[in-house]
Amino acid sequence: MISWRKHYKQTLIAIGLLLSTSASIYGQYGDPKNGEKLFKANCTACHALDKQVIGPPLKGVVDRVKTEGGVGKDWLHKWIKDNKALRASGDKYANEIFEKYNKTEMLVFPNLSEKDIDDILAYTTNPPAPEEKKTPEAATGTEATAASPADKTTTNIVIISLLAIAGLLVWILIKLRQLVKLGQSEDLAGLNETRVKSFSEIYQKYHLIGKGLVAILALLATYGIWNWIMWIGVYKGYKPEQPIYFSHKIHAGENKIDCQLCHSSAKYGKVSEIPSMNVCMNCHRTISEYNGKYMEPGKDKSFYDGEIQKIYAATGWDPQKAQYTGKTQPVEWTRIHNMPDFVYFNHSQHVVAGEQAIINSFNKKNPNNKIDVVCKACHGKIDTMNVVQMANDFTMGWCIECHRTTEVDMNNGYNKEYFKNLHDKLKKQYPKDGGKITVDAIGGLECGKCHY
């Protein structure tokens, strides 16, 4: 009995030690799934798990700082919350890291709680395995069996079609034989005597009809030439290949990047410039591979990763050393939208003064295809385009039609002040539609507005 109690007591102690050890192991850090979200929100601008970006790779950072500096989780908490204060306190390891990574200042994160940091450390220690992407597999077994009747049906259709063509050829041969026999009869000889012998006889007999046909053909030819001339320089649907593949659907559509983040002068400048490669590098210094869910048909992850490498080659960025080499390669972009030199068009005038008016006018005319930003009125739904194309005609008639139908937003701060003393006069002069004032009423059709 004493022996049983002794073993029972030892068993309880062992279980208690096991549970306490397990608790300490699992409670040492936090929730890796929540840590992954926090890591992506706060750390990915400068860090990755498995490679150096601006800062060092963070996978296994808890064990690394313990090995390198003899410090633990508490030190990491202090470093993450306020590394500047930790360095200022004279901490040797903190200052060594600062020197090692070119004295690059790390952001401070006083907003992160102790639990948040534990979750992030749990993620860097044991990151969850990425979800496998499902790929369509070749049809086997039942699927292959189900596909075979369709193949048989297709074969039968082909055979029936060939038989029908053969029958048609036999029928044509029979009819040709009958015509040859008819040519040898006396009836056909009588018809030959009454046949017109030359083109001049035909013209004399049917000259009025001939002249009418010639006149119609001349009119059609003139219209065709005129129509061809009028469409010179109109390239609606034009979508050239670019030296670096850039999907607006991925950037503006999937990732919701604002147009003006890249095209910064579109709102306050005359021209919407082509973004420099440095603008691309604002994000792609830390994004060296594509991990998005969206894949354009016919393209895979390796394709997108290769295009990112083209950005690095163009800017001279060495992702391994996380620094510029100074060896750049200019990118020769193919321009899509290009106004003729004799046309004046100011982006800021339309985006600032006319933004809401243009959006309202477009949505009124297209209730089933509404837009949320003014850019789409002219450039189409760019956030759905993998390859950017010219979405509209951009002809003079197209612009004039817009000026005739777009109502001026008199509540706009700019218009409200500029036309302060003209509102009543314009409403009396243009009483149509309850006094609504369209762009043509304020000089939108004057030649000098666009041509000078």
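This is a predicted model: local features need pLDDT of at least 70, side-chain atom pairs count only at pLDDT 80 or more; totals for chains, interfaces and linings use all residues.

The bend at a residue is the angle between two axes, one fitted to the seven residues that end there and the other to the seven that start there.

**The whole chain**

Display the entire chain as a cartoon. Its secondary structure comes to 21 helices and 2 strands. Of the 452 residues in the chain, 25% are buried. Among the contacts with a separation of 6 or more, 62% are made by residues 24 or more positions apart.

**Helix α4**

Select residues 73-88, which form helix α4. Where is the kink in α4 centred? It is centred on Asp82, and the angle is about 120°. Now consider the distance between the end C-alpha atoms of α4, which is only 19 Å. A straight helix of 16 residues would span 22 Å, at 1.5 Å a residue.

Next, colour the buried residues of α4: Trp75, Leu76, His77, Trp79, Ile80, Asn83, Leu86 and Arg87. What covers these buried residues? The cover includes α3 (61-69), α5 (92-100) and α6 (114-125). Following α4, select Gly90, which has a positive phi, near 95°.

**The second largest pocket**

Turn now to the second largest pocket, which holds about 670 Å³ of space. It is lined by 33 residues, and those closest to its centre are His47, Pro56, Leu58, Trp79 and Met106. The elements α3, α4, α5 and α6 each give two or more residues to this lining. By class, the lining has 22 nonpolar, 6 polar and 5 charged residues.

**Met106**

Met106 lies in the loop between α5 and α6. Is Met106 buried or partly exposed? Its relative accessible area is 22%, so Met106 counts as partly exposed, the cut-off for buried being under 20%.

Leaving aside residues up to four places away in sequence, Met106 touches Trp79, Ile80 and Asn83. Ile80 is 26 residues away from Met106 along the chain, and the C-alpha atoms of the two are separated by 8.7 Å.

**Ser247**

Move to Ser247, in the loop between α9 (199-230) and α10 (248-254). Its relative accessible area is 2%, which means that Ser247 is buried. Which residues does Ser247 touch, not counting those up to four places away in sequence? They are Met385 and Asn386.

**Two residues with positive phi**

The last two stops concern backbone angles. Select Ala322, in the loop between β1 (317-318) and β2 (323-324). Although Ala322 is not a glycine, its phi is positive, at about 55°. Ala322 is buried because its relative accessible area is 17%, and buried means under 20%.

Finally, select Phe394, in the loop between α16 (375-379) and α17 (396-405). Phe394 is not a glycine, yet it has a positive phi of about 55°. With a relative accessible area of 21%, Phe394 is partly exposed.

How values were computed
Residues are numbered from 1 along each chain as its sequence is written. Side-chain values use heavy atoms; hydrogens and water are left out. Helices (H or I, at least four residues) and strands (E, at least two) are DSSP runs, numbered from the N terminus. The expected span of a helix is 1.5 Å times one less than its number of residues. Buried means under 20% relative accessible area, exposed over 50%, partly exposed in between (1.4 Å probe, protein chains only). Contact means heavy atoms within 4.5 Å. On a 1 Å grid over the protein atoms alone, a cavity is a set of points where a 1.4 Å probe fits but cannot get out, and a pocket is an open set with protein on both sides within 12 Å along at least five of seven lines; lining residues have an atom within 4 Å of a point. Grid points are joined across faces, edges and corners, and a volume is the space filled by probe spheres set on the points. Ala, Val, Leu, Ile, Met, Phe, Trp, Tyr, Cys and Pro count as nonpolar, Asp, Glu, Lys and Arg as charged, and the others, Gly among them, as polar.
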